[in-house]
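Please look over the sequence and the model before reading on, and keep both in view.

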Amino acid sequence: MLNRLAALISLIFSPFLVPIAGTLVAVHAYARTGLEFVRWSLISIAFSTGLPFVLIVVLVRLGMLSLFSTALNTGFETFSEPKIAVNNRF
């Protein structure tokens, strides 16, 4: 039961869904026409959610980021150790 509740909370507050909901609320408040609402919604969703998603997919496919380290980024070396250092300072 608690696992299902945790999964539901994770889905509702997903980092990819929260910006979309916030964008739709903000655009709806300021859009004058339906076409303007659709246009600005698509543009803002593309930049707030689409580009980060595409970047993650590309980095995973290039082997610079593992899905395991993205899903379990806890700060411990065993969980968050990247395959290749993106920045030389780390």
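**A helix pair and its surroundings**

Glu 36 is found in helix H3, where helices are DSSP runs of H or I with at least four residues, strands are runs of E with at least two, and both are numbered from the N terminus. At 23% relative accessibility Glu 36 counts as partly exposed, a class that lies between buried, under 20% relative accessible area, and exposed, over 50%, with a 1.4 Å probe and protein chains only. Leaving aside residues up to four places away in sequence, Glu 36 touches Tyr 30 and Ala 31, a contact being defined by heavy atoms within 4.5 Å.

The model is a predicted one, in which local features need pLDDT of at least 70 and side-chain atom pairs count only at pLDDT 80 or more, while totals for chains, interfaces and linings use all residues. Residues are numbered from 1 along each chain as its sequence is written, and side-chain values use heavy atoms, with hydrogens and water left out.

Phe 37 also has its place in helix H3, and with a relative accessible area of 25% this residue is partly exposed. Its contacts, not counting residues up to four places away in sequence, are with Leu 24, Val 27, His 28 and Ala 31.

When residues up to four places away in sequence are not counted, Ser 41 touches Thr 23, Leu 24 and Val 27. Thr 49, which lies in helix H3, is buried with a relative accessible area of 9%, and Thr 49 touches Phe 16, Pro 19 and Ile 20 under the exclusion of residues up to four places away in sequence.

On the H2 side, the contact is made by Pro 19, Ile 20, Thr 23, Leu 24, Val 27, His 28 and Tyr 30, and on the H3 side by Glu 36, Phe 37, Trp 40, Ser 41, Ser 44, Ile 45, Ser 48 and Thr 49. By class, this contact has 8 nonpolar, 6 polar and 1 charged residues, where Ala, Val, Leu, Ile, Met, Phe, Trp, Tyr, Cys and Pro count as nonpolar, Asp, Glu, Lys and Arg as charged, and the others, Gly among them, as polar.

Val 25 is found in helix H2 and, at 61% relative accessibility, counts as exposed. The C-alpha atoms of Val 25 and Ser 41, 16 residues apart along the chain, are separated by 9.5 Å.

For the chain as a whole, there are 5 helices and 0 strands, and from the N terminus on the elements run α-α-α-α-α. Buried residues make up 10% of the 90 residues in the chain. Among contacts with a separation of 6 or more, residues 24 or more positions apart account for 22%.
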